[in-house]
Amino acid sequence: MMNAALDAGFALRPSEAISFFRQKANKGTKQWGELAAEAHAKQFAVAGATSNALLNDFKSAINKALTDGTTLSEFRKDFDRIVGKHGWSYKGNRAWRSEIIYRTNLSSAYAAGRYRKMTSPEALEIFPYWRYVHNVSLHPRIVHEAWGGIILRADNPWWYSHFAPNGWGCNCEIQPVSRRKMARNGWKEDEAPEIVTRPWVNPATGRTEQVPTGISPGFQTNPGKVWMDEEARRAEVALKPVTAIDGKPPAAAPPEVRRSVQKKEIRKLLDTRAGVVEAATAPETVTKALNVETDSVLLSDDTLSKNLAKHPELSPTVYEAIPDMLDNLTVVEEGNTPQSLLLLSSLDKEHFRLAIKRTSDGSELFLTSLARLSEKAALRLIEMKKKIN
């Protein structure tokens, strides 16, 4: 059951759920309902949290829960720390509010990740049917019980609004079913239940919205489908590394001009979160150490999303300074593998650690991480790591 998985933490890292959560952009809200149900698949919000710094800390805690399997009790320690740090005044008691933030974010990410896996061509070939499963619940919903056992084709539009969870604390799940299992159990494809809606007044906007009967407001959309539709849209506008600057290869452009273009490309990637851009120019020390001919350091949307989730404190301005960081390296050191390097850069009295990795064929260089370091940590890194001459 989903809640059992959430209580214990994820035994295995749910990669698709992590990807879903990391692509979300922060959205400050004063109260629940300000953000449309569909928007929750693309934006991260905590009702009553308007500060970006506060949202960053909560997003980091949820990201940790997904990647490390943090339990609810462990998350509550993060919740207390974050509330104390920001002096956040929230509605409801601690136990209820922390559980709502934890369960809502993890369950939606888990469901979105599951939907993406279940709709892959490979999965659909083997499991063309889906079955609605109503699991045991302390307070079962009559409508959800009635949906239990319904079997529809995976591409039936009914799943666009009824892919579990379908409410607060909903334990329902969608089970993929093969043709073989259908035959073995004597199951037949059902008719999709009629979608009957009811009016609901959004307390934040005052607008009346139509919500399917049996589904709690805010759960009437399928986050996985919204995410995949957005991924398809992003693929159409995915960025690619520039191949020419003023009609010449980037390497032929004056350094200051090339850095200016790189900063613009990083800004575009921050906005679109789709594709790959040239983010910096690798100095000769780096290209020689990694035995590559290219000096183009690339940054992918996947790396950017991971780094934004792991280091939410880094502002867009910091990312836009990556070209300058590579131009002002203090130390170049061996990385964790022969194909990688750790770089230390000091810029405007701040210290940054960057990691760069070459592809196996040595044709490309990628920035794989970026973090701000304290002066003490920077000095320790210099002392402990073996320098490359």
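This is a predicted model: local features need pLDDT of at least 70, side-chain atom pairs count only at pLDDT 80 or more; totals for chains, interfaces and linings use all residues.
**Charges over rings**

I started with Arg-116, which lies over the face of Trp-227 at 4.5 Å from the ring centre. My criterion for a charge over a ring: NZ of Lys or CZ of Arg within 6 Å of the ring centre and within 35 degrees of the ring normal. I also found the charged end of Arg-153 over the ring of Tyr-129, 5.2 Å from its centre.

Residues are numbered from 1 along each chain as its sequence is written, and side-chain values use heavy atoms, with hydrogens and water left out.

**Aromatic pairs**

I searched the whole structure and got 18 aromatic pairs. Rings of Phe, Tyr and Trp (its six-membered ring) pair if their centres lie within 6.5 Å; planes under 30 degrees apart are stacked, over 60 edge-to-face, the rest tilted.

I looked at Phe-20 and Trp-227: centres 5.4 Å apart and planes at 70 degrees, so the pair is edge-to-face. Phe-20 lies in helix 2 (residues 15–22) and Trp-227 in helix 10 (residues 223–236), so this pair ties together parts 207 residues apart in sequence. Helices (H or I, at least four residues) and strands (E, at least two) are DSSP runs, numbered from the N terminus. Both Phe-20 and Trp-227 are buried; that means under 20% relative accessible area, with exposed over 50% and partly exposed in between (1.4 Å probe, protein chains only).

Next came Phe-21 and Phe-44, with centres 5.5 Å apart and planes at 80 degrees, so edge-to-face again. Phe-21 is in helix 2 and Phe-44 in strand 2 (residues 43–44), so the pair links parts 23 residues apart in sequence. I read 0% relative accessible area for Phe-21 and 0% for Phe-44.

I also noted one aromatic cluster, formed by Tyr-115, Trp-130, Tyr-132, Trp-147, Trp-158, Trp-159 and Phe-163.

**Helix 4 against helix 5**

I checked the axes of helix 4 (residues 72–86) and helix 5 (residues 94–118): they come within 10 Å and cross at roughly 110 degrees. Axes are lines fitted to C-alpha atoms, for helices over the stretch in contact, with angles from 0 to 180 degrees between N-to-C directions. The two helices are therefore roughly perpendicular (65 to 115 degrees).

**Glu-265**

Last, I looked up Glu-265 in helix 11 (residues 255–272). Glu-265 is buried at 7% relative accessibility. Leaving aside neighbours within four places in sequence, I see Glu-265 in contact with Leu-239, Lys-240, Val-242, Val-277 and Glu-278.

Key: Angles under 35 degrees count as roughly parallel, over 145 as roughly antiparallel, 65 to 115 as roughly perpendicular and the rest as oblique. Contact means heavy atoms within 4.5 Å.
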